[in-house]
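Student: I am new to this structure and would like to learn how to read it. Could we go through it together?
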Amino acid sequence: MKNLSIIIACYNEQDNIEETVLRVRKTVPEAEIVVVDDGSKDKTVDVVKNMKLKNLKLVSYQPNMGKGYAIKQGIINGKEEIQAQVDADSQFPPEELPGLIKPILDKKSDIVFCSRFIKGATVEKGSLTRMRRVANFVVSSFTSLLCGQWLTDVNAGFKAWTKKAMMDIDMRCPHFGYEPEIAIMARKKGYKIVEFPINYKRRLEGNTNVNLWREGVIIPLFLLKTKFFR
Ligand SMILES: Nc1nc2c(ncn2[C@@H]2O[C@H](COP(=O)(O)OP(=O)(O)OP(=O)(O)O)[C@@H](O)[C@H]2O)c(=O)[nH]1
Ligand SMILES: [Mg+2]
């Protein structure tokens with residue numbers, strides 16, 4: 001696939017980033033890969049620089065700004081018309097990229113969200129705590145109410161879109177609320193979202209960066225602002 005940019009936003013992923021980049025390259029050899037290092041404090045940047053792969057772009061800055069900000073840098077720096085976002089820890093297997101972008105190639109949709117909770121999806125044992133499942137359900141339901149389309153897994157880190165739609169949506173959220181923001185703004189602007197079932201795995205190495213308490217307060221407030229004041 002030529003006209004494809006893969007965006008990998010990462011924060012402290014020195015033990016995972018190389019494997020994820022290589023798996024992406026193997027799956028979609030002709031795609032551009034844009035790694036956005038969001039102020040990592042470990043050796044993520046050195047690992048990527050040492051890879052010396054063709055068509056691999058590194059965007060790097062300090063300090064850490066949040067995943068939403070990083071994804072936006074990936075969208076702006078990715079030069080191709082179709083883009084996909086892949087988490088750096090390969091929990092969403094990069095091998096499933098062709099299926100993820102298919103609805104866009106078939107002109108059935110502008111935006112694809114993967115889902116761990118629809119027919120055809122699987123979740124590896126031990127990869128999701130009960131607390132995370134509940135949080136996901138709450139965020140997805142709240143987002144669905146605000147955007148008027150039933151979405152089952154808004155927080156999954158494996159999505160595809162056209163660059164045109166995303167530039168129009170103009171994401172402003174710097175933190176983890178960027179995913180519901182995309183959903184709300186997409187529906188406001190008339191873009192279609194479809195869901196794609198995924199086989200979710202355990203994180204390769206390292207720890208989660210998600211702080212449920214922090215996100216639980218900030219995200220709903222940001223979404224209400226997005227819904228009613230934009
Ligand atoms: N750019 C950027 N990326 C981040 C930040 N926090 C997390 N990420 C990336 O976002 C992805 C998801 O974050 P994780 O910490 O894996 O969250 P999670 O998958 O819900 O939690 P685990 O199941 O423990 O992996 C990973 O690729 C991270 O590297 C951040 O502050 N900035
Ligand atoms: Mg993860």
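Student: How many nonpolar, polar and charged residues are in the shell around ligand 1?

Tutor: The classes work like this: Ala, Val, Leu, Ile, Met, Phe, Trp, Tyr, Cys and Pro count as nonpolar, Asp, Glu, Lys and Arg as charged, and the others, Gly among them, as polar. Here the shell holds 7 nonpolar, 6 polar and 6 charged residues. Keep in mind that this is a predicted model, where local features need pLDDT of at least 70 and side-chain atom pairs count only at 80 or more, while totals for chains, interfaces and linings use all residues. Residues are numbered from 1 along each chain as its sequence is written, and chains are lettered from A and ligands numbered from 1 in the order in which they are written.

Student: Which residues are closest to ligand 1?

Tutor: A residue is near a molecule if its C-beta atom, placed from the backbone, lies within 6 Å of it. Of the 19 residues surrounding ligand 1, the closest are Asp38, Ala70, Ala88, Thr208 and Asn209.

Student: Is β1 mostly covered or open?

Tutor: Strands are DSSP runs of E, at least two residues, numbered from the N terminus. A residue is buried if 20 or more other C-beta atoms, placed from the backbone, lie within 10 Å of its own. β1 is mostly covered, with 7 of its 7 residues buried. Leu4, Ile6, Ile8 and Cys10 point one way from the strand, and Ser5, Ile7 and Ala9 the other way.

Student: How many bridges join β1 to β2?

Tutor: Two strands pair if DSSP finds at least two bridges between them. β1 and β2 run parallel, joined by 6 bridges, and Cys10 has Asp37 in β2 as its bridge partner.

Definitions and conventions: A residue is buried if 20 or more other C-beta atoms lie within 10 Å of its own, exposed if 12 or fewer, and partly exposed in between; C-beta atoms are placed from the backbone. Helices (H or I, at least four residues) and strands (E, at least two) are DSSP runs, numbered from the N terminus.
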